Structure formats: C-alpha cells, structure tokens
Amino acid sequence: MADVLLSVRDLVVEFPTRRGTLTAINKVSFDIHAGEVLGVVGESGAGKSLTGAAIIGLLEPPGRIAGGEIRLKGERIDNLPPEGLRKIRGRRIGMVFQDPLTSLNPLYTIAQQLTETILTHMPVSKAEARQRAIALLDRVGIPAAARRIDDYPHHFSGGMRQRVVIALALAAEPELVIADEPTTALDVSVQAQIIDLIKEICSERGAAVMLITHDMGVIAETADRVAVLYAGRLAEIGPVHDVITRAEHPYTRGLMGSIPTLTQESDRLVQIPGAMPRLTSIPKGCAFNPRCGDAFGRCYTERPDPIDRPGGRQVACWLYKKEMSHV
Amino acid sequence: MIAFILRRLVQSVLVMLVVSLVSFTMFRYVGDPIAAIVGQETTIADREALREQLGLNDPVLVQFLDFIGRAVQGDFGISYRLQQPVMELILSRLPATLELALVSGVVAFVAGVALGVYTALNRRGVVSATIMSTSLIGVSLPTFLIGVLLIWMFAVELQWLPSFGRGETVTVGGWTTGFLTDSGRASLVLPVITLGLYQMTLIMRLVRAEMLEVLRTDYIKFARARGLSNRAVNFGHALKNTLVPVITIAGLQLGSIIAFAIITETVFQWPGVGALFINSVQFVDVPVMAAYLLLISFIFVVINLIVDLLYYVVDPRLRIDRASARH
C-alpha cells in the first residue's frame, strides 16, 4: 500500500458550552494514503465536516481539538501556530466546500481570487500566476477560460462556480483535497460531472481526496476506502467494495440496507429504528446500542475500540471481539 | 449606466419639487411674516401695502411657481430680519457649516470603521468590550450635553481649546476657511467631536455587526481554507463586503451631520447656516427657513445620488446589465 499521507490518531474535538463540554468527535483514527480517495459518510451531525475542519485547522471557536494527533507526512499539524497552519492550508491541503454559490467572494473577479491564492503560496510573478489561473480554469472545464477569468462569480452558474472552487482549491497543488459535500448544493445533473472532475483532476496530480458526503452512491463510485462515522465516533473503515457488500458494523449494515434499489419489490424503505443521539446524551458504552438489534451486555457498559479485521478493515463493534472476551 | 443616472436624476428632481412645495407652504402659512417684519405701531394700511409689495396677495399657484422660478435662480427673497438677500446670507455662512460637517464626517467615518473592524476582529477582548460599552454613551448622550461637557472640560477647566466661534478665518476665493490658521483649527476640535461622536459610534456599531456577519460567511471560510494571510482575508475580502451597506448609512449620516449641525453650532456659537436657521426660527424669518429646508434636502438628494453611484462602483452584481450585454 502507498505511503500514509495523513494520519489522524484519537482525534477529539470539543465544544465548551454553558451546560458543559460537548464532545463532537471522540477518538477518531484513520489514515489517508497518498493518491487515494477516502470517503467519509455518516448522518448529519455525525462529525464528518468537523473532522475536515479539524484537519485543516478551521474549527469555529469555541470548538477546539482537545486530544489526539494529526500528522501530514509524519509531521504534526494539529498543534502548529496559526501562521504555520496557514501555510499548509491551500498549499498542502486544499478544501472544497458544499455551497459554490456562497464560497466565492462576490466582490472579486475569478482572476483576482485565483491569482491571489497562487501568489500567496508560490514564488511566481503576477503574469505567471494569471497564466496558471487560466490553465487551471481551462482544466476544470470552464469554456473560454481566458475571457471568462475576469468575470465575477455571479456571472457563473452553480456547477460552473463549483468548478471555479475546485480550481481555487487546487491552485497551489495540494497533496490532499478535503471535499466537504461538494455536490450537495448542486443540481443532480451536474453532480456526477463535479465528482468525476474532482476524482480525475486529483488523480492526475497525485492528490489524495477526503470526500465527505452522505451520498452512498457517490462513495461507491468514487472512493477507494470508506470511513463510517456515527455520533462522532468511527464505526467502520475499509475498502469501499467490502464495506458496501459485506458491512460488518450493525450501523453500516443498516445504512446499506436503507439504500433503495431499482430491483427491490418493497413498499417501505428499510430504516434504522430511532435517531442518532444528541451530543448531550450519548449513551454509555457503544453509542449505537439503543438502535442496535445485536446489542448485548458489554455494549451497554464499555465503548468498543476499532478492531482490526481481515482485508485491511476495522470495525468498532463488540460482536467481533465476542469470541475472545467470552471464552 | 447612463440610463440609471438619468432615472435617478429625474427622481431627484421630483423629490426637490415636493420639498419645495412643503417649504413654500411653510412660507405661506407659518405665522404672519408681516407681523414679524413691522413694528407694533405700524398702521393696517401700511401692513396691507407691504403685503401687496411682497406679493403675498397673489393666487397660491402663481406664488408657488414664482417661488420655484426664483429658487432655481438662487433667489429666495430678502431676509425679513436682516434685510439682506437670503442666498447671500446662506452662502456667507455655508463654508463654516460645510467645513465643520466634512471634518466631523471624515473623522466619524475613519474612526468608526477602524474601531468597528477592531472590535469585530477581537470580539472577546477586554479592549473591545470597553469600546463597546463606552460607545453606548456616545449613542445615548444628547449632542448639546456632550458639547457643554467638552466646553466645561477643555475650555473652562483645562483651557486648552476655545469654547466658541471659528477663530481666525482666511478668505480664499469667496470661501472663508478656518483650516489655515492655528486658532481656526483649534476651534474646530470640540465642535467636530461633539458633532461626530454620535455618527462615529453609529458607524462603529454598524461596521462591527456587518463585519461579524461577513466573517461568518462561506467565502471568508474558503478564503482562509486557501491559506490567504489574515490581512488579506480581514482587510481585503471581509472589509470590502462590510463596506457595501456601510456606505449607504455613512452617506446619509453625512447629510444628517450637515442638517443637525444646528445644535452643535448653537452650543459653540459656530457662525454656520444652522445657527442662522435657529435665529430665523425665533424671528419667523420664513424666507431663510424655506431656503434652508431646500438647501438641506438638496444636499440629501445629491448625497443619495453619489451613494447610489458608489454602490455601482463597489458591487459588481449591480452591473449585471452591462455584463449580460457582453456575453
């Protein structure tokens, strides 16, 4: 397997509030290898976006990293001073946000926003930066890039703006791109194009992608591996095909079961009973225990850590440690 | 663009017509000007003769048209009280008011924006909290009280600055200015603070609120995620967006600074149009009052026009017709 590019170990993100500290991400660990696409799925509030924000150092205060380590090529980046972190943002880790309509500054032309980013990170002249910017726009599929570069964001459609956003995220050739629900705000017809573009352009530059989404279809088509988050904890991680076809964690199984298929002859969609717990009331033991059909004694008392499984998978579920602990 | 300006100009003319109707009506019905002009012992016959001479017996419409016709030529009649042409009176006092208003407008805008940005960026700081609570005083203390307090402190107790008048003035091409002499500049300080304090706190609070709003937007987050420097993000991307709504308010505030200079001018015996107006009110000197009303509304209309044009310059989204014509 390729080198580990980003390694997240026991990441804890907390929000101090008046009614006590909320732990939004609780000991999440995973690796992203150079050039791979890691899908991150989970329900709203599972901590997907927060994980991305924590990696790039843009947690909204009062949110903060309260524990664990984040390493980029072995070098710790979670405890860097703001200036050091700023130099990594955009240059080594790029980010694509959800809503292209609001991601671009309405008062600046595309050229201004692109060249500004390039000049911040690269030792090039203004003219070179502009040339690069045009080439980038051309690459992300903006027709007549040389002419349209001086337009303002409102001159572009949503899909086109997301292409511009991708160009901006890739402007300084980062090694990792965090795409936080990059297609959620887009028209269904352009979603696939944008996903393809991200995948294509990143693989061509050797950049790894952390693709945050709740669309399992996108994950299935795009990702190499997938991480499933539940209530701020990692439920399961593994190669995308294995996880989708042979899910091990009861939550993942429920998640996969609830995807409707065209061949299914059923009136009702399968659903997981109950709802994800609020951060203030995460149950003791496994966070999934109130909704889990397979829960037993230990699930209510002790939190399961990810357990290594064959095929490079990990599952945080006592079902897979039962044999050892109960003999 | 030209059509836009023309449309605005037509609207401005309409506004001016309505205001002149109001000011003309005031001319006709507020008090009896004859009673104000002549002494008690004047005979009724003499009064009637004067009434006829001043054209006060003509039909209302004729008087109104006459009024507008003369107003357009800058002729607002003769002041009842001072027996001088109104236009001459106002012009001789306008420089004093404009200098005072302009200086306090600039001071209020610059200081207001600077403090607003500072308090927005250092939201949790002690200094910001102090500035914010002090600003409440600026908003709630009445102007005349601030003026009197300043006079008491700096003119009476400390004797640093003069308490009234403009000091020595120099006449440059018909414009009397206090900028060129030491005593003129010293005389400006207290009135400028008095007049500008409220506007400054208003602008500061507005800038702060807008800036906090802008700092939460996606494009600011995205600008940070691209690794742009704090300076570029805060003073480029954020401030520019903050200033769009601030421009409107600041423009209107400049208008009200000129209009409400009345109180400050009274407190400091500043020889401006405001003081002239107050004296005219006491003597029911209707021509001066009417001319003042027209002058102030004219200033407001002009400022509004400039603000609209500035909008156009700052916000590219308003230039949409030009852009769509291009594509």
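1. Just after helix α3 of chain B, B:Gly55 has a positive phi of about 75 degrees. Buried here means 20 or more other C-beta atoms within 10 Å of the residue's own; 12 or fewer is exposed, anything in between is partly exposed, and C-beta atoms are placed from the backbone. Helices are DSSP runs of H or I with at least four residues, numbered from the N terminus.

2. On provenance: this is a predicted model, in which local features need pLDDT of at least 70 and side-chain atom pairs count only at pLDDT 80 or more, while totals for chains, interfaces and linings use all residues. Residues are numbered from 1 along each chain as its sequence is written, and chains are lettered from A in the order in which they are written.

3. Chain B touches chain A through 20 of its residues, which meet 24 residues of chain A. Contact means C-beta atoms, placed from the backbone, within 7 Å. On the chain B side, the elements giving two or more residues are α9 and α10, and α9(B) supplies the largest share, seven residues. By class that side has eight nonpolar, five polar and seven charged residues. Nonpolar covers Ala, Val, Leu, Ile, Met, Phe, Trp, Tyr, Cys and Pro; charged covers Asp, Glu, Lys and Arg; the others, including Gly, are polar.

4. Helices α9(B), residues 218–225, and α10(B), residues 230–259, also pack on each other, at about 150 degrees with axes 10 Å apart. The pair is therefore roughly antiparallel, a label for angles over 145 degrees. Axes are lines fitted to C-alpha atoms over the stretch in contact, and angles run from 0 to 180 degrees between N-to-C directions. From α9(B), B:Tyr219, B:Ile220, B:Ala223 and B:Arg224 meet B:Val233, B:His237 and B:Ala238 of α10(B). These residues divide into five nonpolar, one polar and one charged.

5. The largest nonpolar core has 159 residues, and those touching the most other members are A:Ile166, A:Ala167, A:Leu176, A:Val177, A:Val209 and B:Ile203. Such a core is a set of buried Ala, Val, Leu, Ile, Met, Phe, Trp, Tyr and Cys residues joined through C-beta atoms within 7 Å. Helix α8(B), residues 182–215, gives this core its largest share, 14 residues.

6. B:Leu121 lies in helix α5(B), residues 86–121. B:Leu121 is partly exposed because 17 other C-beta atoms lie within 10 Å.

Key:
Angles under 35 degrees count as roughly parallel, over 145 as roughly antiparallel, 65 to 115 as roughly perpendicular and the rest as oblique. Two residues are in contact if their C-beta atoms, placed from the backbone, lie within 7 Å.
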